[in-house]
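Visitor: I am new to this structure. Could you show me how to read it?

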Amino acid sequence: MPIKGGVARAFEIPIFTEAFLRPLFCRAIGPFRWIALSNNSDDIRVIDDYLLTRFADNQIVSNWIRLAREKVPFEGLPARIAWLGHGERTELALEVNRMVADGRLSGPIAFTRDHLDAGAMTHPNIMTEKMKDGSDAIADWPLLNALVNCASMADLVAIHSGGGGYSGYMTSSGVTVVADGSDAAAQRLQLSMTNDTSTGVMRYADAGYQESLDEVKEKSISYINLSAAG
């Protein structure tokens with residue numbers, strides 16, 4: 001127990017999501033994943049090379065890709081993850097779709113993300129604890145995120161409740177879009193990747209986080225201030 005250990009104010013320490021992840025989620029920077037459906041690990045390495053060139057100025061992403069390709073073995077289908085934000089995910093997905101189309105990659109790539117992402121999860125004891133506007137338990141945002149991804153023609157959209165010991169406390173949404181090199185896939189990727197992260201920025205902008213409000217302006221995200229409108 002913290003009190004017995006001499007830390008009487010232990011429960012005033014911010015949870016990790018509030019202290020470390022929320023500033024990233026305010027800009028929709030979160031765990032973005034891609035999977036080589038060809039089972040060809042070389043496809044992941046080709047994408048690694050692109051990331052190291054395109055995001056050379058992003059030291060966190062570049063360092064991670066170098067470490068991952070050297071230290072992290074593939075399990076199951078070859079896959080990679082990186083913390084990318086609004087606009088970056090769309091750009092990567094569209095370029096990968098072009099790589100599939102012109103043969104630089106041997107097969108389709110599935111793009112997805114963690115359910116613990118900017119606009120995709122409500123959990124008042126973890127993800128959304130101590131929200132600035134008190135909206136800790138409001139589950140509308142992950143449901144809205146799922147509906148937006150359906151309207152964006154994503155290949156797979158899921159709504160989750162519970163899991164990992166969260167039963168009764170958590171609602172989240174998941175999304176997967178396959179880059180198969182077609183024009184139709186490019187349209188789905190453009191819409192879904194962009195709208196998925198947009199709802200993340202909007203979620204925190206609506207709660208009053210300045211980082212998100214700045215991101216709305218910098219990235220020209222179409223956003224209506226629901227709190228002000230109400």
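Guide: We will look at a helix, then at salt bridges. This is a predicted model, where local features need pLDDT of at least 70, side-chain atom pairs count only at pLDDT 80 or more, and totals for chains, interfaces and linings use all residues. Residues are numbered from 1 along each chain as its sequence is written, and side-chain values use heavy atoms, leaving out hydrogens and water.

Visitor: How many residues does helix α4 have?

Guide: Helices are DSSP runs (H or I, at least four residues), as strands are (E, at least two), numbered from the N terminus. Helix α4 (residues 88-102) has 15 residues and reaches 21 Å from its first C-alpha to its last. After α4 comes Gly103, with a positive phi near 90°.

Visitor: Which residues of α4 are buried?

Guide: Buried means under 20% relative accessible area, exposed over 50%, and partly exposed in between (1.4 Å probe, protein chains only). In α4 the buried residues include Leu92, Leu94, Val96 and Met99.

Visitor: How many salt bridges are there?

Guide: A salt bridge is a side-chain nitrogen of Lys or Arg within 4 Å of a carboxyl oxygen of Asp or Glu. By this rule the count is 17. One of them pairs Arg33 with Asp114, with the closest N and O atoms 2.7 Å apart. This pair links distant parts of the chain, 81 residues apart: Arg33 is in strand β1, Asp114 in the loop between β3 and β4 (121-122).

Visitor: Is Asp114 buried or exposed?

Guide: Asp114 is buried, because its relative accessible area is 17%. Arg33 counts as partly exposed, because its relative accessibility is 29%.

How values were computed:
The expected span of a helix is 1.5 Å times one less than its number of residues.
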